[in-house]
Amino acid sequence: MNQANLTLKDFASDQEVRWCPGCGDYAILKTVQKLLPTLGRPRENQVFVSGIGCSSRFPYYMNTYGFHTIHGRAPAIATGVKLANPELDVWVITGDGDGLSIGGNHMMHTLRRNLDLQILLFNNEIYGLTKGQYSPTSRLGTRSPSSPAGSIDPPLSPCAVALGAGGAFVARSIDTHAKHLSAVIGAGHAHKGTAFIEILQNCPIYNDGIFEPVKDRATAPDFRVEVEHGKPIVFGRDGEKAIRLDRERLCLEVTGADAEDVLVHDESNPVLAQLLAAMGGPGFPIAIGVLYRHRQPSFDEEFSRRKGKSKEGNLAALLQSGNTWVVD
Amino acid sequence: MELTEEKLDERHLDEREVVDVVVRFAGDSGDGMQLTGANFTLATALYGNDLSTFPDFPAEIRAPVGATFGVSAFQIYFGSEDVTTAGDALDVLVAMNPAALATNLANVVDGGLVIADRGAFTAKNLAKAGYAANPLDDGSLAGHRLLDIDISAQALAAAEPFGLGHKASLRCKNMWTLGLVMWLFDRDLGATVNNLKTKFAKRPEIAGANIAALNAGHAFGETAELPSGIHVYRVPQARSAPGLYRNVTGTQALAWGLLAGAELSGIELLFASYPITPASNLLHELSNRGDFRVGTFQAEDEIAAVCTAIGASFAGSLGVTSSAGPGVALKSEGMSLAISTELPLLVIDTQRGGPSTGLPTKTEQSDLNMALFGRHGDTPLPVIAPATPPECFDMAREAVRLATGYMTPVMLLSDGYLANAAERWRIPRVEDLARTPVKFAGDSGEFRPSRRDPQSLARNWARPGTPGLEHRIGGIESDHDSGNISYEPANHQRMTDLRQAKIAGIAHDIPSQEVDQGAASGKLAVVGWGSTYGAIHQGVKRARGEGHDVSHIHVRHLCPLPRNLGELLGGFDAVLVPEMNTGQFARLLRAEYLLDVESLGKVSGQPFKIGEILAAIHAKCRKEGPAQ
């Protein structure tokens with residue numbers, strides 16, 4: 001198939017999409033289907049691997065190779081796909097429960113190894129498919145069927161965890177923020193190594209509106225900041241606010257955009273990335289965009305190099321290696 | 001049936017020429033007993049004897065010196081007739097310290113030879129082994145031939161010119177002992193000398209000291225005035241089919257069988273595993289084979305290992321994972337996914353004593369039920385088990401054939417004994433091995449993952465990267481026709497039946513069950529599977545020699561069972577199943593064939609002895625009527 005002529009429709013499968021009306025997953029699906037034809041890679045080389053949960057139905061709706069696997073294990077299965085055929089573009093589709101709770105171990109080690117694949121983690125801060133229990137990213141005090149009096153375990157930050165595990169490309173975006181999301185996923189795809197992308201995604205049934213302050217046009221300027229490499233970290237309706245580093249206490253502070261020491265985003269700085277990943281809470285915006293990007297050798301490159309060194313193994317010679325003797 | 005043991009009637013060392021001999025080298029974990037045993041094994045193979053070996057080591061890596069729980073041993077049975085076990089009782093025990101003597105003496109035959117390093121029988125070591133008095137002096141070994149030498153001193157003297165220092169020189173005592181045992185059985189030192197030169201190529205002084213100790217031990221035998229009844233014993237060569245031979249352990253044969261299977265099928269292997277005793281050696285062996293079509297991956301856990309293997313199979317390689325019982329249990333959800341999505345996968349279980357951590361370095365066959373039934377849902381898959389170390393080569397290839405030919409996970413059951421034991425192997429000619437080429441869907445025409453071969457019922461397999469074959473698979477039930485998600489009641493029934501029929505149909509594609517020894521019907525069939533082969537073979541052979549009507553049947557395909565097995569077993573008045581568990585295979589046979597199968601279970605972490613099989617046959621024959 002001529003790659004140049006492919007459109008969004010060529011990447012949509014014939015399966016009826018079965019997410020709830022208003023689910024953020026629709027928007028993400030559309031963005032990915034629209035992005036893929038522009039990546040200049042053959043459709044047959046695209047493989048989507050998912051675990052279990054609402055987000056993990058994603059591969060069924062993509063007209064590419066796809067594998068809907070078991071809970072939490074998508075990164076491990078994707079690892080096998082990539083090692084068996086490094087030519088493939090491998091995408092992991094997972095959620096906050098799938099990727100960070102039951103599958104947290106695989107997530108950590110996949111990031112550490114830096115396999116060349118894209119991990120899209122749909123974070124809706126709730127378990128959807130099992131009907132609304134709190135998840136490892138649910139805010140403290142979340143009332144749910146399994147926490148009627150409010151959850152008592154503090155949440156983790158997916159991007160902070162990814163950075164802690166040695167992730168070399170860590171980014172955050174928003175389900176319905178198509179242009180930004182597309183650019184971030186595209187950058188993740190271009191990155192050689194594991195690209196971890198947290199996508200804030202609304203669950204209209206069990207956790208509706210949780211990201212509304214970040215998404216609503218009226219409030220977003222105060223609640224989110226788009227970081228871009230080399231540019232000052234500025235936000236607010238009129239760009240009047242900014243982020244600076246309190247060098248005494250090694251923490252971020254909100255300041256005026258006209259301040260002298262406004263932080264300039266440097267996506268190669270892992271310490272800054274940690275601070276931005278963790279940023280949020282009263283008075284602070286949350287950061288979206290590429291928080292950290294660092295090129296380092298990917299596992300599959302080294303794996304293929306070693307494996308491909310020689311294919312000269314001679315079976316007969318192997319069986320006869322070492323001490324043998326002849327019986328006449 | 002209760003496990004009892006008959007002492008085999010053997011006093012081998014009374015003659016100058018003996019048919020077969022069992023030697024056990026025992027010492028501290030750090031005494032180098034495994035290396036000693038390996039070199040003696042090689043010399044014995046080169047001499048022309050048939051042989052079987054059994055390394056028996058503790059779970060502790062370096063136990064405290066002199067402790068009974070730290071005794072590491074290597075046992076070898078060699079002879080001029082077919083040897084299929086590492087032997088029941090010891091003709092020769094090499095005891096490098098009191099703990100080695102204390103833990104092994106009960107197993108030495110009356111009149112057997114004990115070689116002890118007097119230098120290590122210090123007050124401290126004696127106390128650690130629980131001896132109030134020195135057994136070398138108090139007459140408690142009077143029923144045995146005793147060769148009591150200060151081996152430590154002898155080794156130090158031999159190594160002295162090489163200036164290694166006391167500690168390193170003392171390490172040569174295993175080679176001194178080996179030299180002496182080599183003399184005792186007229187073995188050649190050449191291969192060991194070469195091995196030492198290779199092993200210590202960068203430390204010629206260590207090689208030199210060890211070779212000097214080896215030669216000194218040998219010379220000691222030749223020249224010293226030894227007690228009466230201790231002399232050179234000649235074990236005539238075994239009669240063997242012509243060909244090229246080598247020694248091979250089960251692990252080696254399994255690894256090489258996987259490589260051969262991949263080559264003969266034209267497919268790449270991805271071997272994903274997580275370290276666990278006693279399965280890790282397979283990972284090590286394959287990690288050294290980068291020149292073949294195999295990639296090895298040490299995963300973060302057992303689940304990741306099986307999932308990585310499954311991902312590789314989805315991508316068009318053959319995923320292989322390997323573990324022992326506790327690890328295989330963790331893989332079970334992944335295996336069900338591979339069954340549901342009909343992807344090839346090999347799961348190798350090197351069984352060890354269970355449950356839980358159990359006995360990591362000891363052998364057992366208690367994962368059979370797990371292999372057959374231990375998954376959620378109705379999830380049939382083929383289960384096969386090699387019977388001997390060399391057979392691991394054939395069964396690994398068989399596993400590759402079944403997995404790729406039927407698009408199914410396959411479980412191969414090895415065990416701690418099979419993995420570490422070595423036997424002689426007539427090396428097959430590669431050109432004689434059957435080719436089993438893998439077929440992938442081509443890039444023309446409409447593709448559905450659900451299309452299947454009408455004969456084998458295997459679904460077709462499309463490699464990602466092939467244009468036009470883009471498709472989705474997953475663990476949700478799929479429509480029998482389109483392959484898409486389906487929650488239709490009738491479809492789930494149909495797919496469940498289909499999965500069952502596909503595996504059951506493999507029975508038409510495996511060899512009929514043959515009788516290993518004896519008639520195809522009669523009074524008693526002793527039925528085994530896996531590594532019990534050797535002991536059952538010898539037990540039945542001896543019973544038949546006494547005139548008993550008993551046959552040996554050994555099953556390699558445990559699921560599906562060979563089609564004629566039920567009928568075959570029905571032709572016997574009684575069926576006895578010795579196995580290293582509490583009767584799992586016996587229960588399977590009872591359930592499948594409604595036969596009155598009797599179980600002989602053993603779960604001591606040690607393989608069956610010939611005398612235990614023989615005692616059970618005798619008991620059974622007494623019950624069923626007199627010998628013919």
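**Exercise 1. In this predicted model, find how many residues of chain B are in contact with chain A, and which elements of chain B supply them.**

Start with the count. Chain B puts 58 residues in contact with 53 residues of chain A.

Next, assign the chain B side to elements. Those giving two or more residues include the helices H1 (33-47), H9 (250-265), H11 (302-314) and H13 (332-340) of chain B. Strands E7 (243-249), E8 (269-273), E9 (294-298) and E15 (472-474) of chain B are also among them.

Then look for the leading contributor. H11(B) gives the most, with 9 residues.

Finally, sort the chain B side by class. It has 31 nonpolar, 16 polar and 11 charged residues.

**Exercise 2. Determine in which sense, parallel or antiparallel, strand E2 of chain A pairs with E15(B).**

Take the strand of chain A, E2 (residues 65-68). It pairs with E15(B) over 3 bridges, in the parallel sense.

Now place one bridge. His68(A) has Gly474(B) of E15(B) as its bridge partner.

**Exercise 3. Describe how H9(B) crosses helix H10 (residues 280-287) of chain B.**

First, the geometry. The two axes come within 9 Å and cross at roughly 50°. H9(B) is therefore oblique to H10(B). The crossing is right-handed.

Second, the residues. H9(B) makes the contact through Thr251(B), Gln252(B), Leu254(B) and Ala255(B). H10(B) brings Asn281(B), Leu282(B), Glu285(B) and Leu286(B).

Third, the classes. The residues of this contact divide into 4 nonpolar, 3 polar and 1 charged.

Methods:
Residues are numbered from 1 along each chain as its sequence is written. Chains are lettered from A and ligands numbered from 1 in the order in which they are written. This is a predicted model: local features need pLDDT of at least 70, side-chain atom pairs count only at pLDDT 80 or more; totals for chains, interfaces and linings use all residues. Two residues are in contact if their C-beta atoms, placed from the backbone, lie within 7 Å. Helices (H or I, at least four residues) and strands (E, at least two) are DSSP runs, numbered from the N terminus. Ala, Val, Leu, Ile, Met, Phe, Trp, Tyr, Cys and Pro count as nonpolar, Asp, Glu, Lys and Arg as charged, and the others, Gly among them, as polar. Two strands pair if DSSP finds at least two bridges between them. Axes are lines fitted to C-alpha atoms, for helices over the stretch in contact, and angles run from 0 to 180 degrees between N-to-C directions. Angles under 35 degrees count as roughly parallel, over 145 as roughly antiparallel, 65 to 115 as roughly perpendicular and the rest as oblique. A crossing is left-handed if the near helix is turned anticlockwise from the far one by less than a right angle, and right-handed if clockwise.
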